[in-house]
Amino acid sequence: MNQKLLTFLALGFGALIILQALLGGWLFIHNIGITPDEIKTYYADKSLHGVLEVLVPHTLFITISLMAFLHFLSFIDTIEQKTKTYFLHLLFSLFLLDQLTPIGIILGIESFTYLKILFFVGFEVVLGWVWIITFFASIKKN
Amino acid sequence: MKFIASKKLSDNPTLRAVIVWMLLLLMLAMVLSLGAKEIEYGLTPQTWVSTVMGNPDEFIDPMLFSDLLLSIHTDLFGLIITFILIASLYVRTLRSMKSKIIVFSALLIALLLYPLGLLGSSLIGAMGIITALSAFIVFHTLIIILCFDLLLSLSRKRL
């Protein structure tokens with residue numbers, strides 16, 4: 001019974017993380033836009049301090065949330081250890097790159113606007129993918 | 001969290017990778033946080049005091065109390081979580097109990113002095129601001145050092 005309750009809580013927590021990521025995506029598109037020009041225009045008005053004000057709490061809180069979410073992978077036996085490690089490195093790397101690309105944009109490097117979109121979409125997709133893996137693994141276990 | 005209960009993190013590759021990434025990103029967050037604070041408050045104690053209390057000679061208005069309170073509230077929330085995470089890992093290292101107590105005491109004192117110093121600046125003036133921002137720098141530096149130490153312990157499979 002406790003195992004089922006813990007699985008339920010873990011899935012609920014995972015669902016909340018996905019919801020938060022989707023809301024983040026929505027907010028990003030709503031406030032900034034999704035085309036390279038919109039992103040370039042948004043960051044053109046920003047100073048380094050303005051970027052850091054967003055970057056610091058994001059780095060801190062998303063790191064902690066990802067750590068809590070991804071540690072569920074260690075309970076899963078539907079995928080190989082190698083695949084788990086691959087997902088972990090991919091997700092954390094995408095997050096790090098997504099967070100750091102605005103610094104390149106405000107420095108005027110145009111290609112970083114395209115990279116920002118790539119890393120942002122990549123991060124959201126991989127996060128959803130990991131949640132689906134966790135979800136199906138928990139169904140199989142129960 | 002499983003990493004608190006697990007006997008040895010080195011034996012679990014998934015948890016180990018999660019913790020390594022968490023430590024690296026927390027270190028980055030601490031460096032960025034220091035950078036943001038330096039841009040906001042300046043590099044010297046004189047500029048810290050001018051930013052918070054204002055400086056009529058340089059036509060700098062004092063910081064609004066609501067802004068100061070919001071900044072302390074947000075900072076403290078993140079720093080407490082960081083402290084708990086790092087402390088829960090550091091307590092498992094092979095360092096002596098004495099050194100752990102010294103490190104945790106220093107971190108806790110710095111964490112207390114940061115908000116109290118800023119809030120008390122209206123009573124004790126510039127000394128409060130200098131104490132608060134020094135405590136902020138000490139806390140961040142210590143966390144970065146502890147993250148390095150934990151990464152070393154993980155790489156040597158001692159955690």
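Trainee: How many helices and how many strands are there in chain A?

Mentor: Start with the secondary structure count, and keep in mind that this is a predicted model. Chain A has five helices and zero strands, and its pattern along the sequence reads α-α-α-α-α.

Trainee: What pattern does chain B follow along the sequence?

Mentor: Chain B reads α-α-α-α-α-α-α, with seven helices and zero strands.

Trainee: What do the C-alpha atoms say about the extent of each chain?

Mentor: Take the principal axes and read off the spans. For chain A the box is roughly 55 × 25 × 25 Å. For chain B the trace spans about 60 × 30 × 25 Å.

Trainee: How is a helix checked against its expected span, and what does H7(B) give?

Mentor: Compare the distance from the first C-alpha to the last with the value expected at 1.5 Å a residue. Helix H7 of chain B, residues 126-155, has 30 residues and reaches 44 Å, close to the expected 44 Å. After H7(B) comes B:Lys157, with a positive phi near 55°.

Trainee: At what angle do the axes of H2 and H3 of chain B cross?

Mentor: Roughly 70°. The axes of H2(B), residues 13-41, and H3(B), residues 45-53, come within 8 Å. Angles of 65 to 115 degrees count as roughly perpendicular, so H2(B) is roughly perpendicular to H3(B).

Trainee: Which residues meet there?

Mentor: From H2(B), B:Glu38, B:Glu40 and B:Tyr41; from H3(B), B:Thr47, B:Trp48, B:Thr51 and B:Val52. By class, the residues of this contact are three nonpolar, two polar and two charged.

Trainee: Where should I look for nonpolar side chains, and which residues have the most contacts inside the largest nonpolar core?

Mentor: In soluble globular proteins, nonpolar side chains tend to be buried together. Here the largest nonpolar core has 75 residues, and those with the most contacts inside it are A:Leu70, A:Leu127, B:Leu23 and B:Leu107. Apart from that core lies another, of eight residues, including A:Phe28, A:Tyr43, A:Ile105 and A:Ile117.

Trainee: What does A:Leu127 touch?

Mentor: Leaving out residues up to four places away in sequence, A:Leu127 touches A:Ile17, A:Ile18, A:Ala21, A:Leu66, A:Phe69 and A:Leu91.

Trainee: What share of each chain is buried?

Mentor: In chain A, buried residues make up 44% of the 142 residues. In chain B, they make up 50% of the 159 residues.

Trainee: And what share of contacts joins residues at least 24 apart?

Mentor: Consider contacts between residues at least 6 apart in sequence. In chain A, 76% of these join residues at least 24 apart; in chain B, 70% do.

Terms used: Residues are numbered from 1 along each chain as its sequence is written. Chains are lettered from A and ligands numbered from 1 in the order in which they are written. This is a predicted model: local features need pLDDT of at least 70, side-chain atom pairs count only at pLDDT 80 or more; totals for chains, interfaces and linings use all residues. Side-chain values use heavy atoms; hydrogens and water are left out. A nonpolar core is a set of buried Ala, Val, Leu, Ile, Met, Phe, Trp, Tyr and Cys residues joined through side-chain atoms within 4.5 Å. Buried means under 20% relative accessible area, exposed over 50%, partly exposed in between (1.4 Å probe, protein chains only). Contact means heavy atoms within 4.5 Å. Axes are lines fitted to C-alpha atoms, for helices over the stretch in contact, and angles run from 0 to 180 degrees between N-to-C directions. Helices (H or I, at least four residues) and strands (E, at least two) are DSSP runs, numbered from the N terminus. Angles under 35 degrees count as roughly parallel, over 145 as roughly antiparallel, 65 to 115 as roughly perpendicular and the rest as oblique. Ala, Val, Leu, Ile, Met, Phe, Trp, Tyr, Cys and Pro count as nonpolar, Asp, Glu, Lys and Arg as charged, and the others, Gly among them, as polar. The expected span of a helix is 1.5 Å times one less than its number of residues.
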